[in-house]
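Visitor: I would like a close look at a single part of this model, with the terms spelled out as they come up.

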Amino acid sequence: MAVKENILAHKGVWVFAEQREGNLLNVGLELLGEGRKIADKLGVELTAVLLGHRIEALAGRLIKYGADRVIYAEHELLATYTTDAYTGVICELINERKPEIMLLGATSTGRDLAPRISARIHTGLTADCTKLDLDLENRRLIQTLPTFGDNLMATIITPNHRPQMATVRPGVMERAPYDEKREGIIEKIKPELSQEHIRARVVKTIKGGKAQVKLEEAKIIVSGGRGVKGPEGFKLIKELAEKLGGVVGASRAAVDEGWIDKAHLVGQTGKTVRPDLYIACGISGAIQHLAGMKESKCIVAINKDKNAPIFKIADYGIVGDLYEIIPALISELDNTKNN
Amino acid sequence: MNIIVCIKQVPDTNEAKIDPVRGTLIREGLPSIINPDDRNALEEALRIKDEMEGVKVTAISMGPPQAEIALVEALAMGADEAILLTDRALAGSDTLATSTALSAVIRYIGDFDLIFCGRQAIDGETAHVGPQIAEHLNIPQITCVEELKIEGRRVIAKRALEDGYFIVEAEMPLLLTAAKELNQPRYPSIKGIFEGFKGDRIKIVSPNDVNCDVTTVGLEGSPTRVVETFPPPIKSRDLEMLEGSPAEQARQLLQRLREEKIV
Amino acid sequence: MDFLLTREQEMVRTVMRKFAENEVKPIAAEIDESGRFPRETVKKMARYNMLGIPFPKEYGGAGGDDISYVIAVEEISKVCAATGVILSAHTSLASWPIYKYGTEEQKQKYLVPLAKGEKLGAFALTEPNAGTDAAAQQTTAVLKGDNYMLNGRKIFVTNGGQADIYIVFAMTDRSRKHKGISAFIVEKDFPGFSIGKIENKMGIRASATTELILEDCVVPRENILGKEGEGFKIAMASLDGGRIGIAAQALGIAEGAFEETVKYVKEREQFGKPLAKFQGLQWMIADMATDIEAAKLLVYKAAMHKQKGLSYTKEAAMAKLFAANTAMDVTTKCVQLHGGYGYIKDYPVERMMRDAKITEIYEGTSQVMQMVIAANILR
């Protein structure tokens with residue numbers, strides 16, 4: 001079958017190793033971890049594709065994290081991501097070398113780049129995968145992803161087109177351990193690029209400055225209630241929220257006491273939220289509050305009173321003083337970050 | 001200036017219920033809405049129309065005949081024209097096939113300076129179709145736009161990253177995908193609703209009409225196949241109390257949350 | 001016979017619901033508490049032609065129909081009955097009489113800005129001694145040269161002080177009793193026009209209800225609506241339509257309270273199970289749902305009569321009588337199902353129960369509705 005031949009003409013697993021300002025993103029390493037497993041099962045090479053300018057050192061690291069080969073495309077116009085330059089370089093490489101699988105992180109870059117590549121190459125692409133499996137017999141990547149507002153999981157394949165492309169949600173796959181002794185091939189290429197190739201130009205990069213995430217859209221909320229005891233305590237709540245990349249919520253009691261603005265109110269008279277993680281600190285769990293947050297995917301309750309109703313709907317409970325627990329959480333987060 | 005806005009009619013996933021046995025979406029009684037990000041896309045086009053002379057906004061969509069309602073709504077918000085691409089042959093299109101079909105409609109319209117899409121749809125959540133259309137039409141793209149300025153033929157956009165922004169510049173023609181933060185979409189006007197339903201304000205076209213090869217769209221033209229859908233594993237709410245010193249409790253909690261990929 | 005809404009009406013419902021949820025609901029408790037008139041909401045409604053739904057486009061309206069208008073009042077009232085009555089009084093009692101009885105000049109001058117929502121309208125009939133007995137008007141209008149001089153005091157004027165244009169009723173010929181009443185279009189800036197007391201109400205607190213004082217108020221002769229002596233007829237015809245609006249408001253209040261309560265009884269657990277699992281409470285839920293559905297059919301039917309040009313006096317009265325009764329009954333039960341929580345302001349049913357009461361009173365009490373219905377049957 002012609003299709004089959006076409007498929008067999010494609011070999012190898014590719015991972016896009018995204019860098020920003022000369023630093024590798026974690027998701028690239030996670031993809032190497034996952035890609036390593038897939039490549040081993042298929043019995044093929046795992047290649048990391050790295051684009052940038054004066055970042056040779058990163059190529060070596062990618063080998064240590066599991067790549068057999070690194071294709072490092074070096075050009076000053078690749079220092080910062082642009083759709084046109086990156087799409088052009090990667091598509092040429094794919095057409096030339098024909099990988100069977102290409103994984104990208106579902107980052108702002110990956111989700112801009114991957115569909116553009118898939119359309120140019122004319123192949124299938126799945127978005128924001130949380131699980132990858134293999135149908136070894138057909139050399140098919142079994143891609144599973146949440147869809148319909150996380151109400152449904154879907155499993156998708158790309159049977160007759162190669163490479164099989166997927167973007168993968170950051171933080172989901174395990175990165176492979178760093179192996180100082182690992183060796184591999186680093187191929188440096190110098191693509192021909194000029195300013196005219198880049199039709200959408202990045203003229204400035206702004207760090208931070210993101211508008212405060214709305215409570216309703218936040219993935220993580222750390223909320224405080226009467227047990228916070230004062231406006232000072234909300235600084236602690238805020239610190240934890242920021243460390244987790246979340247936002248601050250509050251119960252009616254805390255808002256009524258004037259410890260925090262009403263904009264943060266969660267519950268019957270405030271916002272209804274459904275974050276992935278809701279940490280209720282010093283909140284007893286009155287029905288008015290529960291009405292606004294009980295649909296949260298994971299609820300953590302921290303309260304001095306072990307009989308507080310909040311524990312009834314929590315997944316994890318800590319009986320204790322939030323003034324001890326929150327600092328402990330913050331320092332634990334700092335520790336793991338530094339390692 | 002001619003602006004084309006791509007609109008998708010989607011089931012309102014906030015109201016979604018899943019058949020626990022078959023693992024499929026219960027479509028009955030599920031309201032159909034304009035995809036929320038597409039509203040932002042349309043709003044931006046209409047804002048430009050409000051602020052500049054001689055702007056024409058055309059809303060296009062691909063979908064079943066009922067998707068006409070979404071286009072009526074677009075007209076009621078202020079779009080000048082609307083085109084619906086509909087045909088049985090389009091059923092089962094994945095993102096690549098959809099972008100192929102919509103690109104055909106855009107080529108059929110011919111004249112355009114800007115194309116707006118929503119960043120992503122709430123059903124598929126792929127964010128593929130915008131960039132794929134841009135590729136088919138061989139025009140530049142700026143995705144996830146939170147702010148937009150137009151200076152003559154030049155577009156200056158603030159594109160959102162995880163931890164900041166790129167300021168991106170490009171010349172028309174160009175495709176942009178709108179983030180929620182871009183604007184606050186207007187409502188359809190009541191007058192617009194009654195006018196939108198009148199006569200044949202929505203042009204219905206088939207792939208043939210827009211020179212779209214039916215083998216490149218629909219199931220046949222789709223490289224991907226959905227093998228199965230199933231409900232996400234339901235996590236039972238079993239309370240686990242974490243014991244020990246505050247430091248131990250903190251460590252245990254973060255360990256659990258990491259295992260569950262929550263943090 | 002068709003109980004299904006048209007596609008236009010369905011979309012009007014969707015848009016109104018979203019508008020109500022996003023723009024009206026978030027401030028409903030605040031404006032109830034403070035009694036603040038929501039000018040910003042009026043402005044937003046104007047932008048989307050919500051203040052001129054049933055009027056033709058050539059008069060600045062949306063070119064919609066009466067059912068769509070009813071749907072708009074209903075959806076707004078689900079989340080805020082005060083905002084609902086602002087819309088209803090403006091449309092049915094101020095704009096409609098000009099549309100129906102006004103000269104072309106009056107329509108261009110007054111209906112167009114009203115329907116566009118550039119101006120807000122009000123209706124001034126009730127007086128301290130002329131409530132249900134509306135014919136006992138003491139306000140007088142005397143023609144002097146090219147102007148009428150109006151003197152008197154109106155009370156309970158919805159949108160009073162906030163409106164720009166008032167339909168004011170006054171005696172031009174006391175000897176002819178109710179046939180001596182005339183209607184006038186009065187601008188708030190006419191000399192001798194002023195707003196008196198602002199009422200502090202039990203419910204619909206964010207709607208303005210005021211006294212209106214006319215002291216040698218100078219109204220140009222051309223501002224008489226209809227002919228001299230037609231005022232009572234105009235008032236009664238306007239109230240027929242107004243009652244459909246109030247019936248829609250009452251329906252909305254009942255539906256809003258019911259939706260909140262359905263949510264609550266599924267959430268609230270006592271004796272280890274949600275309230276929704278208690279059969280006695282299920283019966284209440286079933287009865288309420290049935291009453292609401294019946295009210296809805298009456299309200300839509302009255303609007304349909306109006307839309308089709310059929311007589312609707314009796315239908316409007318039945319719709320208002322039943323819907324108001326349903327609103328009061330349903331909100332009372334909803335507060336009951338909330339228990340103690342229903343009595344505090346954290347839950348909207350507390351406000352809804354207070355708001356419901358007025359629907360049994362204004363634009364004709366329930367007893368007047370019964371009189372109207374009986375009179376129509378027994379004549």
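How many residues of chain B are in contact with chain A, and how many of chain A with chain B?

Guide: This is a predicted model, in which local features need pLDDT of at least 70 and side-chain atom pairs count only at pLDDT 80 or more, whereas totals for chains, interfaces and linings use all residues. Residues are numbered from 1 along each chain as its sequence is written, while chains are lettered from A and ligands numbered from 1 in the order in which they are written.

In this model, 66 residues of chain B are in contact with 67 residues of chain A, two residues being in contact if their C-beta atoms, placed from the backbone, lie within 7 Å. The elements that give two or more residues to the chain B side are α3 (95-109), α4 (129-137), β7 (141-151), β9 (164-171), β12 (225-230), β13 (240-241) and α6 (246-259) of chain B; here helices (H or I, at least four residues) and strands (E, at least two) are DSSP runs, numbered from the N terminus. The largest share of that side, nine residues, comes from α6(B). By class, the side of chain B that touches chain A divides into 35 nonpolar, 15 polar and 16 charged residues, where Ala, Val, Leu, Ile, Met, Phe, Trp, Tyr, Cys and Pro count as nonpolar, Asp, Glu, Lys and Arg as charged, and the others, Gly among them, as polar.

Strand β9(B) also takes part in pairing between the two chains: six bridges join it to strand β13 (residues 201-207) of chain A, and the two run antiparallel, with strands said to pair if DSSP finds at least two bridges between them. Within this pairing, Lys204(A) has Ile167(B) of β9(B) as its bridge partner.

The two strands belong to an open sheet of 10 strands with mixed pairing, in the order β13(A)-β9(B)-β8(B)-β7(B)-β10(B)-β6(B)-β1(B)-β4(B)-β5(B)-β11(B). β13 of chain A and β11 (202-205) of chain B stand at the edges, each with a single partner strand, so one side of each is left without a neighbour in the sheet. Neighbouring strands of this sheet are turned by 30° against each other on average, direction ignored; angles run from 0 to 180 degrees between N-to-C directions, and axes are lines fitted to C-alpha atoms, for helices over the stretch in contact.

Elsewhere in the sheet, β1 (residues 2-7) and β6 (residues 114-118) of chain B pair in the parallel sense over three bridges, and Val5(B) has Phe116(B) in β6(B) as its bridge partner. Helix α4(B) packs on the sheet, touching β6, β7 and β10 (174-178) of chain B, and its direction makes about 70° with that of β7(B). Helix α2 (residues 68-77) of chain B lies across β1, β4 (56-62), β5 (81-85) and β11 of chain B, running at about 165° to β5(B).

As for the chain that holds these helices, chain B has six helices and 13 strands, and its C-alpha trace spans about 70 × 45 × 40 Å along its principal axes. Of its 263 residues, 51% count as buried, a residue being buried if 20 or more other C-beta atoms lie within 10 Å of its own, exposed if 12 or fewer, and partly exposed in between, with C-beta atoms placed from the backbone. Among contacts in chain B between residues at least 6 apart in sequence, 70% join residues at least 24 apart.
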